[in-house]
Structures are given as C-alpha cells and as structure tokens.
Amino acid sequence: MKTIIDVKNLSIYYYTLAGIVRAVENVSFSIGEKEWVSFVGESGSGKSTVAYAILNLVPSPGKIVNGKVVFNGKNLLELDEEEMRQIRGKEISMVFQDPMTSLDPLRKVGDQIAEVLIEHGAEKEEAFERAKELLRMVNLPEDRINYYPHQLSGGQRQRVAIAMAMAFHPKLLIADEPTTALDVIVQDSIMDLIATLKSKGTSIFFVTHDISLAAERSDKIAVMYAGKLVEFGKVEQILDNPLHPYTKALLESVPDVWSERKVSAIPGYPPDLRNPPKGCRFHPRCTIFKIKKELHGICNELETELIEVEKDHFVACHLYRRR
Amino acid sequence: MSELLRVEHLKKYFPVKRSILEVLTKKEEKFVRAVDDISFSIERGETLALIGESGCGKTTTGRVILRLIEPTEGKIIFDGIDITKLGKEQLREIRKRMQMVFQDPYASLSPRMKIGDAIAHPLLIHGLADKEEAKELALQMLKRVGLTPEDEFYNRYPHHLSGGQRQRVVIARAMILKPDFVVADEAVSMIDVSMRASILELLESFREEYNLTMLFITHDIAVAKLIADRIAVMYLGKIVEIGPTDEVLNNPAHPYTLALIQAVPSIVKREKKKMIEITGEVPNAVNPPSGCRFHPRCPFADELCKTKEPELIEIGKNHFVACHHPVKD
Amino acid sequence: MEIITKIVHPIFEKKPGRGLLIFGLAIVIIVILMAIFAPLIAPYDPTKTSDDSFQPPSAEHLMGTNRLGQDVFSRIVWGSRIVLYVVFIATLLSMSIGIPLGLISGYHGGKIDRALSIIMDSIYAFPALILAIVIAVVLGPSPINTAIAISFVYVPTYFRMVRGQTLSLKEQLFVEAARAIGARDKEIMVKYILPNLAPTVLVVFTLSVADAILTEAGLSFLGLSVTPPTPDWGYDLRVGQPFLLDGYWWLVFFPGAMIMLLAMAFALIGEALSERISLATR
C-alpha cells in the first residue's frame, strides 16, 4: 500500500509557566492510501496534539521539539507558512470537535464554502454550484447555502464543516473528535459520512477518546497513553489480541451494549506529564508490573520502544522485547 | 419489593422568552414542552435508567423529581408522600432522603469551599452532627470514595482535583446523608473513559451498601445496560418505551429505541447491519409533531401515527411501548 | 481571609500587573506605618504654633512651616491617621450595608429587589461629593460624621456589584447542588455565594477606598471634616491655598501630593487585583 503520511520520532512539549509538559514523546507511525487510522486515548494522552502537529498547528505554548512529518516526499515541519497554506485545506484538511471552529457565525454557510473555493482559483458562479454539490454530498439540502450557522443543528454544522474540508478532495482528512458533542444517532450518520469520504479515496486520521467508536469503521487503531504511542495495529489485532497492558485494561474498562462482562476500572490516575514516570509511563498503573517481580528494574527504568511483534502490529512494552 | 417513587402525569413546560415586540403585540406565549405527561415508578433498591438524546427532557425530569425546579403539572409520590405539595421546610426534611449526583463535577462544587467542608455540610445543614463529628464523618467518607490520604484531601479546593476526583467528592456529598433515593444525572459522561468504570463501581458499591434506589439519567446506552435494572427511553418529552434492561435492548419495540441501539458503537459487535433507517433530526419541543412525536422520522409511520397519539401498552412482561406499530423481531 | 492571602501572597509570581501591585502596596504600607508610628516619626507637635511662619523646606523643617509656624511634615505624618481612620470606617460601613443588601436583593429578587434597586440607583445617580456635603453639613463636622457621610455615598457601589454577581452566581450549578442537599436560603447566601464574591469585593474595596480618600479630602477642604487645629491633609490644603500666589508652594504641594499618591496607590492595587481575578476566572 502506498504511504500517504509518515510521522517519525515526533516529540511535542508545552512550555507552560508551571513547567515543561512532555505531551508527545517520540511518536512514529504511518498512514496508507485510503486507510482509516483512529487514535485512541484519554484526555491529555497527546492524541489531538499529534493531529495538530501534522498541519504544524500545535497551539502555543506547544512546540514541536523533534521529528518529521513526511507527506508527498516533503517534511511538512520544514515548509514555510506559504507552502503550508497550500497544503492545509487542499491536500490535508481538518475537522474539529466544535464545528464553529471553522465556521464564521456571521456569514451564510454557502458564502463560506464558496469563499474557500474562490480563494483557490474558482469562478464565483462555479464556486456556488460546487458549494451546493458539496452540501448534497454531506446529505444536506441545497437550500442550506442560505442559512447562517446558528440556524443549523450541531450535526448539520459538522456536516458543513466536513463539506468545506472535502472541497478539494484532500488526500488526508484529520478529524479531531468530530462527534463528541453529538448524540449517538447523529454521530452514527457522521461516521457513515466519513466512511463515504474514505471510499472516495481520502485517508482518515481520526481522533477519539471512545475506543468502541474506533472499533467500527477504522482499519487501524493507535493507542496513546501519556504522550506515547503504546500500541498500533489493525483493528482486529488491537481489539481481539491486545498486547499492551494499557490496551487490555482500557478494553476491560469500557462498557459495551453487547457484552455481558462486568467492567473493571484501571487503577490509579494518568501521570503528570511535567514529570512523567521513569521507564514505561504506564508502569505505576500496570497490574503485570505489580505481579511480576522480574520486571522491576526494567519497566521502571528503561524507556520503551515501539516494536513490530507481528505484521503491522506494533507495541511498546518491555514484555515483548526481543531478548 | 415495594414502590419507592411514583411519577404521575408529570409535565414541565418552560416559557419561551418573547421579544419586547412580541410582548407588546400580545403574541401568544409559547412553551418548550420539556417533559410532557410522563408516568413511571421505581421499586425500592431498583435502578431505572432514563435514556435519550440531548433535549429529550431526561435531565429536566430528574430536576423536577427532586423539586429543584417546580413541575407544571403532575404528582411525584415519594414513599407515599406527594412531594409536589410540600412546603419549604418539609421539602428540606425529605431532601435528606433524596439526593442528586450532577453531570458536571466542575460546576457542581463551589470553587471556594474545601472539599472536606463540602462533604460535611449536608450533615450540618440537617443538624445530624456537630462540627467535630461532621468532620470525622467527612474524613471517613473521603476514604470510602478513595480520596486518600483523606486528611490531605479534606483541605483541598476543587481546582486541585481532576474531573474523576471531583465526581467522587460529589458522590461523597450525596451519600453522606445515607439517602434512600439518588438521581444520577449523566454522572460519568464528563469523566475520562478510563475513569468511568471506577465511578460506576463506586456508585454500585453505595447502591449495595445503602440499598439505594436510583434514577440514572444517561445518553450512553452501554452505561445504562451496565447499571440499570430497567430502562426508560425518552423522546421529545415523552417516554416511548420502558421495560427490563435486557428486554428493551434485545427486543426493542419502538422504532426509535431500535434506531438508538443500533447507532451505539460496540467493540463486540463491530459489523452491523442497519435494521432501520431513520431520517432527519429531533424536532423542536415548542411545536412537537402531532400524533406520535416520532412519526416524521419513522419509516413505519402511517396516517394513524400522524393523528393519534399512542399510549404506553404492555407488550411483554413489564415491557411497555408507546407505538401504533411496534417492531417485532 | 484565605482568599486575600491567595491573591496577594504570590505577589512575586510573574503575572500581569505585578509591578503596579507592588508599587501600590508599598505606598499604602508606608502610609499605614506613618500613621501608626506618627509620634516617633514627627519631629514636632503638629498643633504647636511658633513664630517661624512660612519657613521654606529646610533641614530643620523638611516640608517647611505654615502660617501659624506649624511644621508641615509633622502635620502630614499625623494627618495620615485622620485620612486612614475616616476612609476605612467609611468603607467598612458601606460594605456592611451594601453587601448584605445586594446579596438579599440579588438572591430573592421580586419586590424587595425592585425597591432596593430604585433606592440605590437614585443615591448612585446623585453626584457623590454633593451628597456627602449635604450629609456632612447635616451631621456636623467630626471625623466619625465624615465617615458616615462618605459611607453613604459608596453603599450603592457595593450593592450594585454584589447584586449583579449574586444574580449570576445563583444560577450556577453548585447553588442548585446546595439546594439539593437541603441548604436553606441563608446558608446558600452565606456559605456558597458570599465566598465566591470575595475577589470582586476586594477589588471594589480598594477602588472605593481610593475614591473615598478624594472625597474625604474634598470634605475637609470645605471645612466639613475636622475642627482645627487637628492635622488633616484636605484641611491643610485649603488653609495653604490662599498663599500659593505668594510663593509658599510647600503649603499646598505636600498635602496635595500625599492625597494623590495614596488615592493612586489604592487604585493601582485595585486595577492589578482585578486583572488577576479576570485571569484566574478565565
């Protein structure tokens, strides 16, 4: 499969007044053509920060301290602002949890979609025709071009945001928790919509805190914990054969409508990333580490590395180290 | 088992704000029918989950039951007493026995009150303990909800705590009075996924210890399945289906329930076929559709649905549905 | 008081307005120390007259002497006592009336609220100094009467601020939560709403003190505050004013400068605090 985007050794720190927050540490992965990869993790795990880093949009006081984001043979982190603008929205576009992030509350949605098109060289008439077409594509009636954002429901706004993101058939769509604020039925339809886009040739980088949402339509799942990518693999590999103790614990902690088992909580709390635990960042909460005495001195001392244990299935855990 | 709470024909209408022009021209006052004639009961020790999408009236129902807002019409009978008729002082008495766990642990604690004092305060309000005893009991409660070392947590302010920890404080404050009945309003929806299970475990442990009766309001059907004995589904201010959890989930009779369940993402059932295709979005509660409120979105709707409002009818043991054409499997 | 330490204590933390805060606090502390240790600091008896009238500032008389030959520096030092006394009594009085009324008005609403709001708004609409003059004239000149006159002017300031904040605070979820645990209205007001008002009250306090200093000076300038020969900045300013054209600038300059400096110091503290609070609540 052709690789669309290749992220290597990405590290992002937030330089706050209270200290340096090591939000993302040494994260590497790649997304193939027409592939849907879902990044799963709790708030503060760094999943959204990774998403923003791809477009070099990490909010201040965050800084990309290391790493490469290779897209079309170019490292996006080295491009200047003008070159980056050409890529944003055109080749890689983004939708956010709150669709109002990308919508202007004071202007009709049609004008806003058309403007994006005109900016990139379309004629006015043609732009409005295309705006209507885009709205149809996201299952909204054409007359919505004359609506203001506040006249639409949350789900409809998210559709408009997606329509704008799709204006130029981007190679990659980054979706940062696009359904978190929505009700299940609307969420389901937005997920269907994103799946349709994928079938038309766009790769998807999907960020969610809900692993069951990632389970349904993704090709691959990446699990993040405390700024590290701890496991990465195909959906079946992650869900049916999870390797990392965190992934296992996470799967056991999530209630599921179709499962009869009881849920069990992950003990403890996520670490303070200003001062993350030494070695594996999960070891203070890891039940295996607690039981297996022979791991002491390893998990709490040595940094973990992401290794491929079977084809396409990566894990960063000392249990799977090649000895 | 005996009944602890019964709600009869409960209604809550909120007036829609009119502009000055509308007031001057004496335009008819409109109402949001947040809760529109619902009835149900909960047995002692039972947990009823009230599920539905945002705006369906589930949170309003919870607040009205505790009389945090006044009902427009209807009765709320708690342990044989109609609490809609109680005066201020009598209501205060009954509040010892009815408590609430709020959705937003950030907003439901005063930012300027130590969490220990917040937990001890209910005891002082009701004169159940003096200051020393209340502090002692609050410390025990902190330990009980897992905020240890408790004497250290006692003196912290809410902003020092994570969302999950705050929710433990909110639960501790509700439980210190050893209530009989608790309304838990989206108690885990603002908590990080990995913390949710532990909050649910905590609620479950109190439920066993105090033989709590719970009204568990949630939009998350997976959580409802985990914690509830029965499920009631609300749509636009009405209960459309109510029954034992497994019955409702496995044999949903209302097309809306079916649509809701099928939309829930699941790890276990990843591949799913669409059993039902519903269109559109939830309409406005100011002018709800005639007849069955779900008819504009329902694939099975016919003339009858447009004109006649369906009533709850029993289709299985304790399983009620308000639909002219219930789904059969 | 915890709230005060929480805001004021980390003065040395780098936050916007830190410089202003330190500067303002320094001046206020100096003036307070001056008032406390007046007998030790002042070289002369401030009321004692002598034949050395209209002496310009010199080593002997740091700020010169006035028409009666009194030492201006000693009068400034002792005068700080009067200013602080009048101003603090006045603000404490207006706080103790304005805050409870605002709380009740905002929390209960209805008729009480409307009545109180109309009364307070009409006081507020009246020019402050004129109102204070009228009351001071009716009560007669004495420091405590001046304080009462001034307090009257600032009651509406506290009332309006507290009422407004209460209106928004009572809609907060934690107030509903307090009702859910069975708290009475009084307990909700005192335990849940009042502590959350503290930061804003603190800001209004410093700003109204700054304003009250000017009002006090105005009243004593008009001879409505203290009776001579009590040292008082505003009074000295007035007594010195006719001699300004004769070149005796020190009679006016020093009292005037002190009034301005102290008022400004409080205003700066107020500004810096309000900036901090808006940062903290963002």
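In this predicted model, the contact between chains A and B draws 32 residues from chain A and 30 residues from chain B. On the chain A side, the elements that supply two or more residues are α6 (184-199), α7 (211-217) and α9 (245-253). By residue class, this side of chain A comprises 17 nonpolar, nine polar and six charged residues.

The largest nonpolar core contains 279 residues. The residues with the most contacts inside this core are A:Ile113, A:Phe205, B:Ile119, B:Phe216, B:Val233 and C:Ile213. The element that gives the most to the core is helix α4 of chain C (residues 72-108), with 17 residues. Around B:Ile119, leaving aside residues up to four places away in sequence, the contacts are B:Ala138, B:Met141, B:Leu142, B:Val169, B:Ala172, B:Arg173 and B:Ile176.

Chain B also holds an open sheet of eight strands with mixed pairing. The strand order is β6-β7-β8-β3-β9-β10-β12-β11. Strands β6 (98-101) and β11 (313-316) of chain B form the edges, and each pairs on one side only. From one strand to the next, the twist averages 20°.

Within chain B, strands β3 (residues 47-51) and β8 (residues 213-218) run parallel and pair over five bridges. B:Ala49 has B:Phe216 of β8(B) as its bridge partner. B:Phe216 is also among the residues with the most contacts inside the largest nonpolar core. Helix α11 of chain B (residues 255-263) packs on the sheet, where it touches β9 (230-235) and β10 (238-244) of chain B. The direction of helix α11 of chain B makes about 105° with that of β9(B).

Key:
Residues are numbered from 1 along each chain as its sequence is written. Chains are lettered from A and ligands numbered from 1 in the order in which they are written. This is a predicted model: local features need pLDDT of at least 70, side-chain atom pairs count only at pLDDT 80 or more; totals for chains, interfaces and linings use all residues. Two residues are in contact if their C-beta atoms, placed from the backbone, lie within 7 Å. Helices (H or I, at least four residues) and strands (E, at least two) are DSSP runs, numbered from the N terminus. Ala, Val, Leu, Ile, Met, Phe, Trp, Tyr, Cys and Pro count as nonpolar, Asp, Glu, Lys and Arg as charged, and the others, Gly among them, as polar. A nonpolar core is a set of buried Ala, Val, Leu, Ile, Met, Phe, Trp, Tyr and Cys residues joined through C-beta atoms within 7 Å. A residue is buried if 20 or more other C-beta atoms lie within 10 Å of its own, exposed if 12 or fewer, and partly exposed in between; C-beta atoms are placed from the backbone. Two strands pair if DSSP finds at least two bridges between them. Axes are lines fitted to C-alpha atoms, for helices over the stretch in contact, and angles run from 0 to 180 degrees between N-to-C directions.
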